[in-house]
Amino acid sequence: MLTLASKLKRDDGVRGPRASNPAADSTRRVSVRDKLLVKEVAELEANLPCTCKVNFADPNKLHYFQLTVIPDEGYYQGGKFQFEIEVPEAYNMVPPKVKCLTRIWHPNITEMGEICLSLLREHSIDGTGWAPTRTLKDLLNFDDPLNIEAAEHHLRDKEDFRNKVEDYIRHYAR
């Protein structure tokens with residue numbers, strides 16, 4: 001896979017040493033975000049469970065990718081769920097933007113794909129929000145409810161909740 005790092009190395013070889021053309025240097029500046037992403041994407045891919053896959057529509061744009069999750073256990077077993085992840089230019093001072101592209105019945109995800117996760121908040125009352133010390137790998141934990149109806153449904157009737165999840169999987173996640 002062609003990554004931003006390999007592209008930068010290849011471009012250096014084609015253009016020659018940077019010192020020979022200082023004007024070109026200003027047009028080739030690599031953002032802090034992109035430097036961090038070269039390392040973090042490799043770390044994310046190395047730590048993904050076998051039920052997850054990362055896909056880059058453009059391997060030179062590490063700041064925009066999709067994550068596919070195919071659970072092999074639990075309520076969501078048998079489903080295939082797509083998430084879109086966009087890492088803003090101000091990363092790592094601000095969190096990535098994550099959206100679920102697959103319609104799902106889940107306490108932390110609205111049917112429109114909005115995700116409620118303390119980690120994705122820039123400012124969090126509980127202190128578990130985004131911090132510059134966090135990385136993309138930290139996105140693999142989901143914990144606080146946004147879809148209150150789904151959360152209450154799960155608490156009220158786990159079997160019916162499972163049936164509704166299976167119905168959503170049949171209709172939207174295959």
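**Exercise 1.** Determine whether Lys53 is buried or exposed.

*Solution.* Start with the classes: buried means under 20% relative accessible area, exposed over 50%, and partly exposed in between (1.4 Å probe, protein chains only). Lys53 has 55% relative accessibility, so Lys53 counts as exposed. Helices (H or I, at least four residues) and strands (E, at least two) are DSSP runs, numbered from the N terminus.

The model is predicted: local features need pLDDT of at least 70, side-chain atom pairs count only at pLDDT 80 or more, and totals for chains, interfaces and linings use all residues. Residues are numbered from 1 along each chain as its sequence is written, and side-chain values use heavy atoms, with hydrogens and water left out.

**Exercise 2.** State how many helices and strands the protein chain has, and in which order the elements run.

*Solution.* The protein chain has 5 helices and 4 strands. From the N terminus on, the order is α-α-α-β-β-β-β-α-α. Of the 174 residues in the chain, 39% are buried.

**Exercise 3.** Find which residues are linked with Arg33 in a network of salt bridges.

*Solution.* A salt bridge is a side-chain nitrogen of Lys or Arg within 4 Å of a carboxyl oxygen of Asp or Glu. The whole structure holds 4 salt bridges. In one of them, the side chains of Arg33 and Asp34 meet at 3.0 Å, N to O. Arg33 also forms a salt bridge with Glu89, where the closest N and O atoms are 3.3 Å apart. Arg33 lies in helix α3 (residues 32–47) and Glu89 in the loop between β3 and β4, so this pair ties together parts that are 56 residues apart in sequence. The network therefore links Arg33, Asp34 and Glu89. As for accessibility, Arg33 is buried at 8%, and Asp34 is buried at 16%.

**Exercise 4.** Describe where the salt bridge between Asp167 and Arg170 lies.

*Solution.* The side chains of Asp167 and Arg170 meet at 3.6 Å, N to O. Both residues are in helix α5, 3 residues apart, about one turn of the helix. Asp167 is partly exposed at 31% relative accessibility, whereas Arg170 is exposed at 52%.

**Exercise 5.** Give the number of disulfides.

*Solution.* A disulfide is taken as a pair of cysteine sulfur atoms within 2.5 Å. By this rule there are 0 disulfides. Cys100 is buried, with a relative accessible area of 3%, and Cys116 is buried at 9%.
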